[in-house]
Amino acid sequence: MPLRLRVLPRADEKPGEEQIPATERIVEFDDTVDEIRIGRRSDLELTLPFKALSGLHARLLRKRTTSGERGHAWLVEDLDSKNGTFVGQKRLKEGEQRLMFAGDRIDLGPVKVMFDGHAAPMSGAEGTATIARRLVNDLLLASPGAGAPTLSVISGSEQIETLKLLDRERPYFIGRAKTCDLCFQYDELSRQHASFTRTWNGVVLRDQGSKNGVVVNGVKVTSQRLSDGDEIEIGPLKLRLLDPEDKYLKDLEGGDRNERAPRGDSGPKPEVVMPAAMAVSLPPRPAPPPPEPSPSDPPRKVSRLAPRPDPAAPAPAAPRKTPAQTLDVFHPAIAPRRPPPDAKPNEMHEQTMIKRARKTMYFAVTVLAIILIVAVVLVLGSE
């Protein structure tokens with residue numbers, strides 16, 4: 001059984017007054033559908049042409065069973081919409097999914113959609129390909145005839161002629177016959193040269209077997225669905241179609257493309273410039289030069305634990321200064337506690353071990369001296 005949704009009108013608004021549904025529309029989806037995307041975009045499964053909706057507003061997703069098979073339960077999910085997706089009084093978070101039951105209402109901003117679930121086919125239900133134009137037609141009902149397409153002769157005739165396609169599914173003819181809706185006595189025209197039919201999916205042009213053919217925007221055609229602003233050449237005549245419904249959908253689609261910048265990296269990021277007052281820093285304090293050895297000084301003893309330099313090894317690169325090393329320059333009281341900035345990790349570790357060994361040796365000598373003194377005092381006291 002198909003899945004049925006109903007687009008509900010708002011009782012507190014008049015048709016054509018706001019960008020909201022003006023009458024109830026029923027739309028059914030084939031049982032083979034597993035996902036229904038809802039929004040303003042024309043390439044979605046359910047296009048709702050209302051400015052309050054985002055281009056891609058929400059979606060209905062068929063829930064799979066535990067074994068992975070297709071079930072009859074559906075989930076609704078918000079897709080980071082501008083005005084939110086509500087079920088009852090709760091607004092769904094982006095990416096949040098909620099199980100739907102027959103009779104639940106989904107509020108897409110001011111647009112309300114009733115979820116009827118799977119049901120027997122209903123007469124009068126709309127198809128997904130025409131629901132958008134039917135909703136636009138409802139919006140334009142406040143001005144009778146405002147949504148009807150108009151054919152205007154812009155060249156090839158001395159008098160300006162227009163033809164308004166008021167009736168749907170009725171062919172309007174152009175040719176030499178007096179029974180045509182637009183009649184012109186030109187030899188280049190056939191008796192019934194072409195027809196224009198207003199359908200729920202737009203205006204369809206058909207060549208009626210004419211000898212000179214029909215050209216749309218410079219291309220010869222036999223059957224063509226027209227868009228707002230198309231130019232049609234029939235013999236010496238040039239006509240232009242104005243379709244308010246198609247124009248409304250185009251404007252809505254164009255506004256949706258400019259509604260929001262794409263996610264992710266949308267271009268080079270602005271360079272962050274540090275203020276001049278913060279960019280100035282004091283130069284590091286130069287280290288004192290090592291004292292020159294005197295001829296009378298005894299040779300310096302080198303610890304056996306200290307590594308010997310390898311003359312073939314390349315000179316190490318100068319290490320980058322860390323915040324701690326920069327802090328030592330401005331705080332001399334802290335600097336002696338830290339190893340020199342050019343010390344290698346192995347040298348630092350060995351120097352630490354040497355210091356610990358010396359401290360242990362001093363402590364042991366002190367303890368032995370104390371024990372010796374105590375022993376001498378005890379011996380002298382016993383005598």
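**Sheets, salt bridges and rings in a predicted model**

Strand β1 (residues 3-8) and strand β11 (residues 111-118) run antiparallel and are joined by 6 bridges. Within this pairing, R6 finds its bridge partner in M114 of β11. The model is a predicted one, so to speak of local features takes a pLDDT of at least 70 and side-chain atom pairs count only at pLDDT 80 or more, while totals for chains, interfaces and linings use all residues. Numbering starts from 1 along each chain as its sequence is written, and side-chain values rest on heavy atoms, with hydrogens and water left out. Helices (H or I, at least four residues) and strands (E, at least two) are DSSP runs numbered from the N terminus, and two strands count as paired if DSSP finds at least two bridges between them.

The β1 and β11 strands belong to an open sheet of 6 strands, ordered β2-β1-β11-β10-β7-β8, with antiparallel pairing. Its edges are β2 and β8 (90-91), each of which pairs on one side only. A further open sheet has 5 strands in the order β15-β14-β16-β17-β20, and here the pairing is mixed. Strand β17 (residues 202-207) pairs with β20 in the antiparallel sense, over 4 bridges, and L205 stands opposite Q224 of β20. As a reminder, strands of a sheet pair through backbone hydrogen bonds, either parallel or antiparallel.

On to the charges. The whole structure holds 25 salt bridges, a salt bridge being a side-chain nitrogen of Lys or Arg within 4 Å of a carboxyl oxygen of Asp or Glu. One of them joins D138 to R25, with the closest N and O atoms 2.9 Å apart. This pair links distant parts of the chain: D138 sits in helix α1 (residues 131-139) and R25 in strand β2 (residues 25-29), 113 residues apart. Both ends are out of the way, with D138 buried at a relative accessible area of 2% and R25 buried at 13%; the cut-offs are under 20% relative accessible area for buried, over 50% for exposed and partly exposed in between (1.4 Å probe, protein chains only).

E77 and R59 also meet through their side chains in a salt bridge, at 2.9 Å from N to O. E77 lies in strand β6 (residues 70-78) and R59 in strand β5 (residues 58-64), so the bridge ties together parts 18 residues apart in sequence. E77 counts as buried, at 10% relative accessibility. In the salt bridge between D107 and K112 the N to O distance is 3.7 Å, and D107 is buried, with a relative accessible area of 9%. Then there is a network of salt bridges that links R133, R168, R198, D243, E245, D246 and K250.

R168 turns up again at W200: its charged end sits over the ring, 3.6 Å from the centre. R25, the partner of D138, lies over the face of W200 as well, at 6.0 Å from the ring centre. A charge sits over a ring if NZ of Lys or CZ of Arg is within 6 Å of the ring centre and within 35 degrees of the ring normal.

As for ring against ring, the count comes to 1 aromatic pair. The partners are F184 and Y186, stacked at 6.3 Å centre to centre with 15 degrees between the planes. Rings of Phe, Tyr and Trp (its six-membered ring) pair if their centres lie within 6.5 Å; planes under 30 degrees apart count as stacked, over 60 as edge-to-face and the rest as tilted. F184 is buried, at 4% relative accessible area, whereas Y186 is partly exposed at 26%.

Helix α2 (residues 244-257) holds L252, which is buried at 5% relative accessibility.

Most residues other than glycine have a negative phi. E169, however, has a positive phi near 65 degrees; E169 is in the loop between β13 (162-164) and β14 (171-175) and is exposed at 51% relative accessibility. N217 is not a glycine either, and its phi is positive at about 55 degrees. N217 belongs to the loop between β18 (214-216) and β19 (219-221) and is partly exposed, with a relative accessible area of 48%.
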